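Colleague: I'm new to this one. Can you put it on screen and talk me through a few spots?

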Amino acid sequence: MNKEAGVLFPIFSLPSPYGIGSFSKEAYEFVDFLCDSKMHIWQILPLNVTSFGNSPYQSPSNYGLNYYFIDFESLIKAGLLKKSEVDSINWGNDPFRVDYEAIYNNKLKMLRLAYSRFNKENKDFKEFIKNNQNFSDFSIFMVIKDLNELRPWNLWDEKYKRYSIALEKEIKKSHYDEYAFYMRTQYEFLKEWKALKDYANKHNVKIMGDLPIYVAFDSVEVWKYPELFQLDEEHYPTRVAGCPPDCFSEDGQLWGNPLYKWEYHKTSGYKWWNERIGNALKLYDLLRIDHFRGFSGYYSIPFKDKTAKNGKWVKGPGFDLFKDKLDLPIIAEDLGYIDDDFKELMKLTNYPGMKTLSLGLLNEDINDTRRPRNYTYNFISYSSTHDNETTLQFINNLTVENKKIYWNVVKEECEYFNIPFDEECDEIELVSKINELNFANEARISIFLFQDLIPVGKEGRINAPATLSNDNWSYRFSKNVFNENKSRITKFLKENAIKYSRD
């Protein structure tokens with residue numbers, strides 16, 4: 001059976017002189033790096049436009065694409081911007097963090113300047129406007145947001161709070177240039193993304209994308225299509241999403257996303273979901289669906305509650321939603337609470353699930369399914385994920401007692417896979433052994449968090465769930481550090497990809 005390997009690295013983390021990663025030459029260089037390393041998968045995070053908190057999992061639109069990723073160099077080459085114009089702006093002072101305030105204040109300003117020089121009569125662009133209703137929805141929503149000082153839709157002036165066809169026509173007529181600007185961001189994004197993805201595919205690199213299960217309350221979907229969600233007459237949620245209390249959080253996690261009105265989706269033949277998944281698979285070669293657990297049963301919390309303690313589990317659509325999608329290249333994020341209904345859903349769909357090595361190596365029972373020796377083919381094996389600590393951070397945070405357990409379990413797994421192991425090795429060498437275990441196991445795909453290949457500690461964590469922090473979604477890599485480590489990482493990945501038949 002064919003096995004592969006790849007790297008998890010968000011677009012925003014790519015090196016860039018303009019404060020945030022983009023579809024620039026650095027993205028193409030990253031594809032070259034993957035190709036040279038015999039890595040055949042580049043996993044990214046959702047490409048959705050972000051808002052408060054900068055999370056791609058709390059987007060104002062399921063379809064709106066993140067114009068922060070548009071490449072300035074492409075616009076300069078097209079004569080729409082001058083290099084001096086973009087170079088004159090301070091895009092942030094920390095090469096390892098995205099300064100979202102600087103990006104927010106300046107990226108759209110530059111894109112508007114480029115749009116002012118764009119040929120509005122461009123035939124392809126006019127066709128794009130005519131034939132893309134989902135991007136049109138997003139653009140109208142953003143225009144009205146601008147008119148209401150970026151407030152959430154429930155705080156808009158009364159004339160805008162409820163969607164109507166008449167309102168849509170009025171916005172297009174009265175604010176056409178601003179509407180066309182947002183459409184232009186989507187047009188440019190797709191043009192650049194298609195070129196990058198084509199380049200990756202030609203170099204035998206597939207793109208694994210990510211589909212959040214929920215949308216934000218302040219989103220065009222909740223505003224325009226309230227029938228899709230559990231809302232009251234004023235279009236406020238009656239119940240919201242989250243996770244129950246556990247050993248990590250005594251209050252649970254209160255995400256606040258509106259829950260779906262699954263009975264409506266069923267009567268419509270899951271039309272909205274079919275289109276959503278189909279559209280995502282136009283962007284990506286493989287699709288990871290976040291929080292897949294929520295389709296068998298979802299945690300429902302009263303809207304006005306301040307914690308997740310009073311939530312309850314409610315049955316979801318289950319296999320009915322996916323019975324006609326069994327041949328699609330879908331990966332189910334199945335970490336966390338698992339019950340019999342979810343196990344049955346995973347069995348019926350036969351989608352590959354996920355395993356995380358950094359968390360699974362504290363299990364002293366050699367028969368535990370979370371240990372690498374027990375991984376089976378229908379899984380994706382991760383060194384760590386965007387929601388977890390980096391492997392080095394996880395090791396550094398272990399208690400003295402747990403460190404002894406961890407070292408011993410890694411040793412046992414290395415012995416099982418005939419990997420040499422020095423019991424006196426330091427944390428850096430231990431991470432390297434864990435990375436090799438990620439290659440050696442039987443999972444169909446092994447994914448390496450890029451930070452685990454350096455490796456870096458807490459400074460490399462991408463997201464700490466259920467927290468609001470400037471550190472979340474802001475980690476990026478400087479070009480110098482990337483170049484300094486590239487040859488060593490390439491050698492390690494290439495040699496092990498060949499050794500473990502993942503090349």
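**Salt bridges, helices and buried spots**

Modeller: Start with E158 and K161, which form a salt bridge with their closest N and O atoms 3.1 Å apart. A salt bridge here is a side-chain nitrogen of Lys or Arg within 4 Å of a carboxyl oxygen of Asp or Glu. This is a predicted model, where local features need pLDDT of at least 70 and side-chain atom pairs count only at pLDDT 80 or more, while totals for chains, interfaces and linings use all residues. Residues are numbered from 1 along each chain as its sequence is written, and side-chain values use heavy atoms, with hydrogens and water left out.

Colleague: Where do E158 and K161 lie?

Modeller: Both are in helix α7, residues 158-161. They are three residues apart, about one turn of the helix. Helices (H or I, at least four residues) and strands (E, at least two) are DSSP runs, numbered from the N terminus.

Colleague: Why does that spacing matter for direction?

Modeller: An α-helix has 3.6 residues a turn, so residues three or four places apart point the same way.

Colleague: Is E158 buried or exposed?

Modeller: E158 counts as exposed, at 61% relative accessibility. K161 is partly exposed, at 22% relative accessible area. The cut-offs are under 20% relative accessible area for buried, over 50% for exposed, and partly exposed in between (1.4 Å probe, protein chains only).

Colleague: How many salt bridges are there in the whole structure?

Modeller: A search finds 42. One of them joins E442 and K3, with the closest N and O atoms 3.8 Å apart. That pair links distant parts of the chain, 439 residues apart. E442 is in the loop between α19 and β12 (445-449), and K3 is in the segment before β1 (4-8).

Colleague: And how accessible are those two?

Modeller: E442 is partly exposed, at 43% relative accessible area. K3 is buried, at 12%.

Colleague: Which residues are linked in a network of salt bridges?

Modeller: K25, E26, E29 and K479.

Colleague: Switching to helix packing. How do α1 and α21 cross?

Modeller: The axes of α1 (residues 25-36) and α21 (residues 479-499) come within 9 Å and cross at roughly 20 degrees. That makes α1 roughly parallel to α21. Axes are lines fitted to C-alpha atoms, for helices over the stretch in contact, and angles run from 0 to 180 degrees between N-to-C directions. Under 35 degrees counts as roughly parallel, over 145 as roughly antiparallel, 65 to 115 as roughly perpendicular, and the rest as oblique.

Colleague: Which residues make the contact?

Modeller: From α1, they are K25, E26, E29, F30, F33 and D36. From α21, they are K479, F482, K486, I489, T490, L493 and K494. Contact means heavy atoms within 4.5 Å.

Colleague: Now α18. How many residues does it have?

Modeller: Helix α18 (residues 400-416) has 17 residues. It reaches 25 Å from its first C-alpha to its last, close to the 24 Å expected at 1.5 Å a residue. The expected span is 1.5 Å times one less than the number of residues.

Colleague: What's buried there, and what does it pack on?

Modeller: I405, Y406, W407, V409, V410, E413 and C414 are buried. The buried residues of α18 pack against α16 (357-360), α17 (391-396) and α19 (427-440). Just after α18, N418 takes a positive phi of about 60 degrees.

Colleague: Why call α19 largely enclosed?

Modeller: Ten of its 14 residues are buried, so α19 is largely enclosed by the rest of the structure. Among them are L430, V431 and F439.

Colleague: What about N441?

Modeller: N441 lies in the loop between α19 and β12. N441 is buried, at 0% relative accessible area. Leaving aside neighbours within four places in sequence, its contacts include K3, Y375 and R502.

Colleague: Last one. Where is L8 found?

Modeller: L8 is in strand β1. At 0% relative accessibility, L8 counts as buried. Not counting residues up to four places away in sequence, L8 touches Q43, L45, S384, T385, H386, I447, F448, L449 and F450.
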